Amino acid sequence: MESKRCFANRFSDYKGSLLSGQGSEASVPLILSTLESVLQKLPAQGGEEGGLYGGLAGVAYMLYHVSQCHLFSSGRDTYLRKATALIESCTAYYDREQDRETRASFLLGGVGVYAVAALIYEARGLQADSNRALDKFKEIGEICTPLGFLECGSDELFVGRSGYLCAALVLKQKLQVEVLTPVQIRSICQAILESGKHYSKKKRKLFPLMYSYYGTEYLGAAHGLSSVLQMLLTYQDYLQPADRDLVWESVDFLVNQEQNCNWPPELGGVIERENELVHWCHGAPGIAYLFAKAYLLTRKPCYLDTCIRCGELTWQKGLLKKGPGICHGVAGSAYVFLLLYRLTGHSKYIYRAQRFAEFLFSDEFKAGSCTIENIYSLYEGLSGTVCFLVDLLQPNDAEFPLFSVFV
C-alpha cells in the first residue's frame, strides 16, 4: 500500500563508500542555482510578516548561513548585503508591530528576526547595528516571562518561551557571548517549569511536566514537549537540582511513549502505520534532537540508541511528499542523518543524507511533491534546502537551522 505521506525509498543502503560526484566542488553549482532560484521567487511586496518560518527573514538567515561557509567565500559580501536588505525590511516591520506577543515569537515573529539581524550585522562588522538588534532582543524577555503570557500556550518553540531560549542559544553559539544574564535565563526557565508543573498537576498526569498548545498536548519539536525539554536540558545548569530531576524524569517518560521508532503527534495518540507523521515538526525526525541532547549530556547509550532508531525510520519513510523544506519536507528528514553522523562518526549517515539530497532534484520528487505557497521560505521551501545542501558539504559542523544541540 502506497503511503499518502512519503515516496518509497528505492535507494540501496550504505555499502562502504560515499556517492561520487557529491563532493564539495561538484555540489557548489547546484547550491548556487538553487539559491538564485530562491531569490527569483521572492515577492515584489510583502513577506516581512512571516518571521523566520515563512517570511523574508528566513531567506536572510539562509544567505547568512551560505556566507559563513568557506566554499562560498567569493560571494560572501554579496550574500550578506542582500541578507541585510531583507532583514532590515523585517526589523522595520516588527519595530512597528503593536502586538507584544507577536514580537516575542521566535519563529513566527520578532524575536527570531532581531536575533538573525544581530548575526548578519556582526558578520559585516557593523557592531553598533548588531548591538541595537541585541538590545531589542533582550527587551522582549520581559514580555515572555509572565507565566501565562500567551493564552494558546506560553512554552512551546515557535511562539513561546522555549523559542526565546532557543534564539538566545543561537546568539551564544554564533557570537560567542551570553546575551541574557543568568537572572534572565533562570526566570524564563523557572516560568517554563512552573507552567509545566501546574499543567501536569491540573490534568492529573503521571509525569511531572506537560504542556499544551491550543488545547493539544503535542509531543513533537514544533509545538510539543520534546523541544521544551530540549531547551531545559540545554540550560540545566541554571535549574535547581530538584527541578533538573523533574526534567530528566520527563525525558525518560517521553522515551517510553515510542511506538515502533516513532512518536504520535499528541500524548495518548495511536500511530496508524500507513499514515504516520515522520516529520521534524511531528514525529521521530524532530524528537531525535532531544535524545541527542540527552546523550551528549550523559553519554548513556539508551539515548543514542533511540536516536539511531529515529534515523532508521527516517531512512524508510523520510522522502516526504510535502516538499523540500526542513519542517515537514525531505531536507528536514535528511538533517537527522547529519545529526547522527556528528553523534557517531559513521559515514553511513553521510551517504544517506547524500541520497536524500539526490532525491530532492529527481523527476519523481518534482512530479509527485506538493506545491509550496512560499517556495522561498526557510521552513517549508528552498531556503531550508539550501542550508541542508551547504551543511552536507561541512558535515562536522552541520546542524538543523537555529536548533543546535551542540552548544
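Analyst: Let us begin with aromatic rings: two rings of Phe, Tyr or Trp count as a pair if their centres lie within 6.5 Å. The model shown is predicted, and it holds 29 aromatic pairs.

User: Which residues form one aromatic cluster here?

Analyst: One cluster is made up of Tyr-53, Phe-158, Trp-280, Tyr-289, Tyr-335, Tyr-379, Phe-388, Phe-400 and Phe-403.

User: How is a single pair of aromatic rings described?

Analyst: Two quantities describe such a pair: the distance of the centres and the angle of the planes. For Tyr-289 and Phe-400, the ring centres are 5.7 Å apart and the planes stand at 70°, so this pair is edge-to-face. Tyr-289 belongs to helix α12 (residues 284–298) and Phe-400 to the segment after α17, so the pair ties together parts 111 residues apart in sequence. Both Tyr-289 and Phe-400 are buried.

User: Where does Leu-339 lie, and with which residues is Leu-339 in contact beyond its neighbours within four places in sequence?

Analyst: Leu-339 is part of helix α14. Beyond those neighbours, its contacts are Ala-288, Tyr-289, Ala-292, Val-405 and Phe-406. Leu-339 has a relative accessible area of 4%, which means that the residue is buried. Ser-404 is 65 residues from Leu-339 in sequence, yet the two C-alpha atoms are 9.8 Å apart in space.

User: Which charged residues lie over aromatic rings?

Analyst: Among them is Arg-342, which lies over the face of Phe-406 at 3.7 Å from the ring centre. Another case is Lys-321, whose charged end sits over the ring of Phe-7, 5.8 Å from its centre.

User: How should I read a helix, and is α15 mostly covered or exposed?

Analyst: An α-helix has 3.6 residues a turn, so residues three or four places apart point the same way. Helix α15 (residues 347–360) has 14 residues and spans 20 Å from first to last C-alpha, close to the 20 Å expected. The helix is mostly covered, with eleven of its 14 residues buried; among them are Tyr-349, Arg-352, Arg-355 and Phe-356. The cover over the buried residues of α15 includes α13 (301–317), α14 (330–344), α16 (363–368) and α17 (382–393).

Methods:
Residues numbered from 1 in each chain as written. Predicted model: local features only at pLDDT ≥ 70, side-chain atom pairs only at ≥ 80, totals over all residues. Heavy atoms only, no water. Helix = DSSP H or I, 4+ residues; strand = E, 2+ residues; numbered from the N terminus. Expected span 1.5 Å × (residues − 1). Buried < 20%, exposed > 50% of the residue type's maximum accessible area, 1.4 Å probe, protein only. Contact = heavy atoms within 4.5 Å. Phe/Tyr/Trp six-rings, centres within 6.5 Å; stacked < 30°, edge-to-face > 60°. Lys NZ or Arg CZ within 6 Å of the ring centre and 35° of its normal.
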